[in-house]
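Here are my notes on this one, written as numbered points. Keep the 3D view open and click along as you read.

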Amino acid sequence: MKFEKIKNFLNEQKILLIILVIGIFLAFNSDYFLTFTNIVNIFQTISFEGMIVIGMALLIIIGEIDLSVGSVMAFGAALSIIFQPYGIFTAIIAGISGGALVGLINGLITTKLKLPSIAVTLGTMVFISGIVYLLTREHTIKGTNENFVSISQTEIYHIPMPVIVFTVLLIIFEIILQRTILGRHIFAIGGNATASRFFGIKVDAVRIFCFVITGFLGGVAGVMLAGKLNVASGRIGNSTVVFVITAVLLGGISMEGGEGSIFKAFQGILLLGIINNAMVILKISSFIQEMIRGLLLILIIVIDSINIQKKKYL
Amino acid sequence: MLLEIKNVVKTFPGTVALDGVDFNLKKGEIHAIVGENGAGKSTLMKIISGAYVKDSGTIIIDGREREIGSVEASRALGISMIYQELENIQKLSVAENIFLGKLPRARRSVFVNFRKLISETKKILKEFDINIDPRRRLSTLTTAEQQFIEIIKSVTTKNARIIIMDEPTSSLTEKEVEKLFLIIKELKKKRVSVIYISHRLDEVVGIADRVSVFRDGKNQGVIEKNEFDTNKIVSLMIGRELKSTGKNVYENKEVIFEIKKLSIRNKIFDFSMKLHKGEILGIAGLMGSGKDELVKSIVGLWPAQSKEIYFMGKRVFIKHPADAIKYGIIYLPEERKLQSLFLDMSVCHNISPLWLFNIEDKFFLNSKRETELASTYIKKLSIKTPSISTLAVDLSGGNQQKLIFSRMLTVKPKLMILNDPTRGIDVGSKEEIYNIIKALASSGVSILILSSEIPEIAAIANNVIVLSKGETRAKFLGDDVTTKNIVRAVTRA
Amino acid sequence: MEEKENKLVSVLRDQSQLIILILLVTVFSITTPSFRTTGNFLNLLKQVTVIGVISCGMTMVVISGCLDLSVGSVFSLLNLVSITFQLRNNFLGVIMPLVIAVFIGFFNGFIVTKFKVNSIIVTLGSLSLFSGIAQLITNGAIISGVTGTWYGFIGRDKLFGIPVHVYILFIVAIVYQIILSKTTFGRKIKYVGTNDTAAEIAGIRTNWMRTMAFIISSVSVAIAALIYSSRMTTASPVAGAGYEFDAITAVVIGGTSLAGGKGSIFKTIIGVLLLAIIINILTLYNVMYSFQNIVKGILIIVAIIVDIRVRRRVEV
């Protein structure tokens, strides 16, 4: 009996286990891996796109998807650079609201016009990338206010701001998802939208909320990313979509929708972050890294699909 | 009297579903409705629950006349309907399913009061003597338990007064049925009325206070508890036999199709059958009997754990419908809009696929031959269509089905497996299709026909197999194929 | 009389893209002198042929009910493959891209059909995969100094006044259209795109059909890459970046439905021309490159909104 319980527990935590295994492997192969600097580095790197993973997790749980997240992040970054002459605070607000606005557009078109979110966000992805190129005049733009970097370069107890913001967001949204009525409605709609509507849940409103949040988080990520070096360009966010979707799936959240958690999404991000770190430590070229990212997405979505198909013939 | 239905009429293009139905329901009563498929039970329930709107007639609830224009309106009146295909959320807990849309708040905030959620759920489960942990995921429950939870969900609505159950016991074991009845009796104690729709007369007689028998869109009679008599009920259900112009006699005893052993996990257990040339064999069974999965697996559309099929004396291995078609075995799916028709394509293109890939089988298309083919069959089967290039979506249900029949006939099949061929079709077209089937049989084509409309099977089939819960429950040959016999066999729990 | 009018209206609606195209060309030929020049026209054609061939392949995939987002990076990759092999053997330079394209198409199609995964996400993954491979080959650099290839005549020469590569687009378009509308194979693809369940039951091996569509798409990309490499003297590992959206936009504004089952190569060509002309006009008016993406994005969304069939397919 106990053996069963242990087996179940291990199965539930398999991602954490994989992270542990890779971590141990790296620790043995590199003196550098377990240093404080490197760990912080890993978290710093994953923080930006990690914020977006939170939103994508919500969307996938509710049964939607957003391909425009990379462009939105670039959009937020660009806005925060452009609005700096009006003050740092304004710049930050501009970037974040820009992201949220795109999210709102995605949400409205998908729900009110009853279109598949994957197709709509494909369109907005292209559209917003164009806007970003326009705003940055196809260059890398630099902000006017050097103090802007304080938002990303400040450290509290040697932990950089982005990591803190990321952690706070993780906690806030996990609480929202698991403990609030809205969060439970997200699960309900993802599980069975017809039944949810039947029993009075405002399906459209909740969906739009998830899109807006994803846009908002994209904006935040973009602002913080711009804050690293006070620059922004149209090349930001090019590989974000692949990273984010892979992270959500790796964490164990199924494309089928209806279940998951921010904690699971975090595991996925962390795993991906460690894999990236491993590739850097092992001095794997960035091109091979891109290949591996593509393969990983394909692999993980195939596994997810196989699981979904298995359930059909029970 | 809680609910009174007077002279309600509902028609669909080509059919009169309800022909002036009367029905009433007392407070705290368990009232069963029995009747054949197509008798009007589901239609009336859909009207009461707000899914359909009646054409005419009156609905009186608590003495006031009401118009039930939507599902929300029906809910607001305290009416809930529990469908055979449960509308629940598998991945959520029992508690969250019961309180779907009405999760208890923590101190007027946005947070869920989980403690209250669990305790309230425990409370109500206890009232019905159901021993299930509220935190369990709904998908881990058996179908029966999920059904019970569904019932409880209906009861927790503020003014739950009427609960409609449509075939609640179709996938339940005897013990689970007993439990269901206890729950229903508890509902009665709470003065909640139950409308109980079922084919299973023995059960109905055991639980209901009154029974209404529907046939041909009318309520043929209400029987009180103390007057219950299965025979009486059955005869009210059946009325006249379908006007059949005599059955085919198939003399050829040649067995062309045989299943020696077919097993599908959880659905079919060790099935076997024989089919002769020119024979029409009907398979009857309720939902959950496994008949759908059975025929799907024959043509390779559903995985089977073991499958031994012989065609024309030789063992055949069918992994994909294309394999079956090569042998001359053609399958007609039950949902033509989703599974057979190419709605956005022309009538011509809907008739030709099988012919194109198996008979014509050329690299280049020949539109002249194709249109000739289509015209031939349009004439042969009297398909009413403005032109050969009309889109399939614009045809009536009966004509759409005839399109699919034409498609099958273009390749001169040897065995046709028809899954509910006259579903959702007007009476006139039904007759035409019966005649087509009979003509085919007399020309030597073997037919396997599935239907939940028993009079239909009785009128057309030479022999009938009755399936229940994955096993053969009864076999009727020749003269024993009567509606009465089949209904009896099917309704025995 | 009334019947004739209704026919006219429906023809107009069907060919609205063609009408818009003719209008645009007429209006801008009059208003913008630089539009009318031969130089501009030839320039336009160069873009049209490459994207056009890719879009023809994409049309097949879309009609079968899928999308292929990998075409851009596969283009970059096959371009490099062609150049790399040419330095050794001219013949291989032409054959290898085609052969590799078949494998790539099979890879995409196999994963999408065998595991029943969304084609957008799978091809998003293969986009990264092949982009990485391309960049790996050149180590991120642009290969230059590729001297005129023996098949450079495709890119440089003219036959009866029309550039050779235009003939290639023409041939590809006609062959594909014939396959689509006049062969059993093409009909099967249409059935699959219209209702894959019904197609399966009718005995069509839908998985194989879709895989073939993906193979056709990749092979089209190979042909486009050959046209491209025939006139370039440098090769960049990201040459095709963004082409996937050009192709999808062209297909979609041409009037082929994203829902699958309907469409034609002819419509796609009109879409390609429309897109190319819009972009050309923007360039002539010195509107920035960034607007191209903005316009493409809007066009994609508008086309989806207008396409009722896509909306019919979406549930709750």
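1. Start at A:Lys114, which is partly exposed because 15 other C-beta atoms lie within 10 Å, and the buried class needs 20 or more. You'll find A:Lys114 in the loop between α5 (88-112) and α6 (117-135) of chain A. Look at its backbone too: phi of A:Lys114 is near 50 degrees, a positive value in a residue other than glycine. Bear in mind that this is a predicted model.

2. Now go to A:Arg137, in the loop between α6 and β1 (141-142) of chain A. Its phi is also a positive value, near 50 degrees, and again the residue is something other than glycine. Is A:Arg137 buried or exposed? With 12 other C-beta atoms within 10 Å, A:Arg137 is exposed, since 12 or fewer is the cut-off for that class.

3. Staying in chain A, have a look at a helix pair. Two packed helices are described by the angle between their axes and the distance between the axes. For helix α3 (residues 36-62) and helix α11 (residues 203-229) of chain A, the axes come within 8 Å and cross at roughly 170 degrees. Angles over 145 degrees count as roughly antiparallel, so that is how α3(A) and α11(A) are arranged relative to each other. On the α3(A) side the contact includes A:Phe48, A:Ile52 and A:Leu59, and on the α11(A) side it includes A:Phe211, A:Leu217 and A:Met224. By class, the residues of this contact are 17 nonpolar, 3 polar and 2 charged.

4. Next, where chain C meets chain A: 39 residues of chain C and 41 residues of chain A take part in the contact. On the chain C side, the elements giving two or more residues are α6 (119-138), α14 (290-306) and α15 (308-313). Which of them gives the largest share? That is α6(C), with 14 residues.

5. The buried residues of α14(C) include C:Asn293, C:Lys296, C:Leu299 and C:Ile304.

6. Back in chain C, C:Asp246 is 51 residues from C:Gly297 in sequence, with 9.9 Å between their C-alpha atoms.

7. Over to chain B, which is divided into domain 1 (3-238) and domain 2 (255-491). Their centres, taken over C-alpha atoms, are 34 Å apart. The contact between them uses 16 residues of domain 1 and 15 residues of domain 2. Helix α8 (residues 230-238) of chain B supplies the largest share of the domain 1 side, 3 residues. That side has 5 nonpolar, 8 polar and 3 charged residues.

8. Last one: chain B also meets chain A, with 16 residues of chain B in contact with 18 residues of chain A. On the chain B side there are 9 nonpolar, 3 polar and 4 charged residues.

Definitions and conventions
Residues are numbered from 1 along each chain as its sequence is written. Chains are lettered from A and ligands numbered from 1 in the order in which they are written. This is a predicted model: local features need pLDDT of at least 70, side-chain atom pairs count only at pLDDT 80 or more; totals for chains, interfaces and linings use all residues. Two residues are in contact if their C-beta atoms, placed from the backbone, lie within 7 Å. Helices (H or I, at least four residues) and strands (E, at least two) are DSSP runs, numbered from the N terminus. Axes are lines fitted to C-alpha atoms, for helices over the stretch in contact, and angles run from 0 to 180 degrees between N-to-C directions. Angles under 35 degrees count as roughly parallel, over 145 as roughly antiparallel, 65 to 115 as roughly perpendicular and the rest as oblique. Ala, Val, Leu, Ile, Met, Phe, Trp, Tyr, Cys and Pro count as nonpolar, Asp, Glu, Lys and Arg as charged, and the others, Gly among them, as polar. Domain bounds come from an automatic or database domain assignment.
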